[in-house]
Structures are given as C-alpha cells and as structure tokens.
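This report describes selected helices, their packing and some features of the backbone. Please consult the sequence and the structure shown below while reading.

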Amino acid sequence: QPGLKAPLTLSRLEAPKPAAVAGKARLTPPYREEAVSFYNKEAQIRLAGTLTTPAGPGPFPAVVLLSDSGPHDRDVTEQDYRLFGSLADHLTRRGIAVLRFDDRGVGQSQGSHFNTTTADVVSDAQAALVFVRTRRLLDTRYLGLRGHGEGANVALMAAAEPTPAAPAFVVAL
C-alpha cells in the first residue's frame, strides 16, 4: 500500500511429512484381466501390457489404447489417477475388450523411451493390433485404436498404412 512499510522476514520450514494413506482394496472386476506381452518384429522388442476381456463366450470387439507423448505405464498413471486403467474398466464393463501396454522402456516393456520416434510408436501400435488379432475371444472385424494426444496421431498414422493389421476404426482424442 502507498506509504506503508513493514519488515519482511522469510525462513525455511521443514517439509511436511506425507500423510499415511491406507491402500485401496482392489475388488475383483466382473471381467477377465490378463498380463500379456507381444513382440514388435520391426523393432525386435517385447512390449508388455494388460488385456481385459468381458465375461462371456465372445467374440468381442476390442480396442488398443495409445498414450500421449512422454513415457507412460499401461495405466497412464498420474499421482493417484489411472486414466487408461479407468477407461479400460469402463469399456470392458460395456462389452469391449481393451489392450493397454507400457511404452518402450517403461514398466515391463523393453526398449528405450528416450530415442523413440513417432514412427516407432506407430510400429508398436501395429504390433499390438497383430497381437489382438491372435486372441480367440476377440472379433477380428471390430479391432481398433484409441489414442490420446500424440497417441491420436499415432492411431491415425497406423490406420493410414495399408497393412493386414489395419484397424477397423480409430478414436482420436
């Protein structure tokens, strides 16, 4: 304020200790959940993820989730929120199988995220589609890609390439 003078004293305080949070109990979901891995022949690396499949005999439509830029685990975990884990749960409860996987060099996937190009991620998406086509409970006529951020661009690029593993649909967010 004009004409007002007051001393200002700053001092460093000790950082507060994080509160002890009890782990949330995870209930058994009403669908099949399986740890899987698949091979990207072009890059000669193994990628690891989770495949959730609705209960019942199938065949089911399926979608592969593709993450935004930056290194992400299969759930795209940010603090306590699991974007892809929540999305996979939502879709699978509604009859759609979901494959989500760790980016290169993250979690249980091989490779290095630091020198990965968009073209490399496109080949990972295509390898994921080749993998889901081998699953007997999945309907090969209805396999697609759903990308978020850079993953949306990757999904569109993977769909544009004429390969036997081309997706039936793309959802770009």
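Just after helix H1, Gly95 adopts a positive phi of about 95 degrees. The model is predicted, so local features need pLDDT of at least 70 and side-chain atom pairs count only at pLDDT 80 or more, whereas totals for chains, interfaces and linings use all residues. Residues are numbered from 1 along each chain as its sequence is written, and side-chain values use heavy atoms, with hydrogens and water left out. Helices (H or I, at least four residues) and strands (E, at least two) are DSSP runs, numbered from the N terminus.

**Helix H1**

Helix H1 covers residues 83-93, and its residues Phe84, Gly85, Leu87, Ala88, Leu91 and Thr92 are buried. Buried means under 20% relative accessible area, exposed means over 50%, and partly exposed lies in between (1.4 Å probe, protein chains only). Viewed down the axis of H1, the buried residues fall within an arc of 165 degrees, so they line one face of the helix. The arc is that of the directions from the helix axis to the C-beta atoms. An α-helix has 3.6 residues a turn, so residues three or four places apart point the same way. The buried residues of H1 pack against strand S1 (31-40), S2, S3, S5, strand S6 (97-101) and S7. Contact means heavy atoms within 4.5 Å.

**Helices H2 and H3**

Two packed helices are described by the angle between their axes and the distance between the axes. The axes of helix H2 (residues 118-132) and helix H3 (residues 150-160) come within 9 Å and cross at roughly 65 degrees. Axes are lines fitted to C-alpha atoms, for helices over the stretch in contact, and angles run from 0 to 180 degrees between N-to-C directions. H2 and H3 are therefore roughly perpendicular to each other; angles under 35 degrees count as roughly parallel, over 145 as roughly antiparallel, 65 to 115 as roughly perpendicular and the rest as oblique. On the H2 side, the contact is made by Thr118, Val121, Val122, Ala125 and Gln126, and on the H3 side by Glu150, Val154, Met157 and Ala158.

In H3, the buried residues are Gly151, Ala152, Val154, Ala155 and Ala158. Seen down the axis of H3, they fall within an arc of 160 degrees, so they line one face of the helix. They pack against strand S3 (60-66), H2, strand S7 (138-147) and strand S8 (169-172).

Val154, in helix H3, counts as buried at 1% relative accessibility. Leaving aside neighbours within four places in sequence, Val154 is in contact with Leu66, Thr118, Val121, Val122 and Ala125. Val154 and Leu66 are 88 residues apart in sequence, and their C-alpha atoms are 7.7 Å apart in space.

**Backbone features in loops**

The peptide bond from Gly58 to Pro59 is cis, with omega near 0 degrees. Pro59 is found in the loop between strand S2 (45-54) and S3. Two residues other than glycine have a positive phi, as tabulated here.
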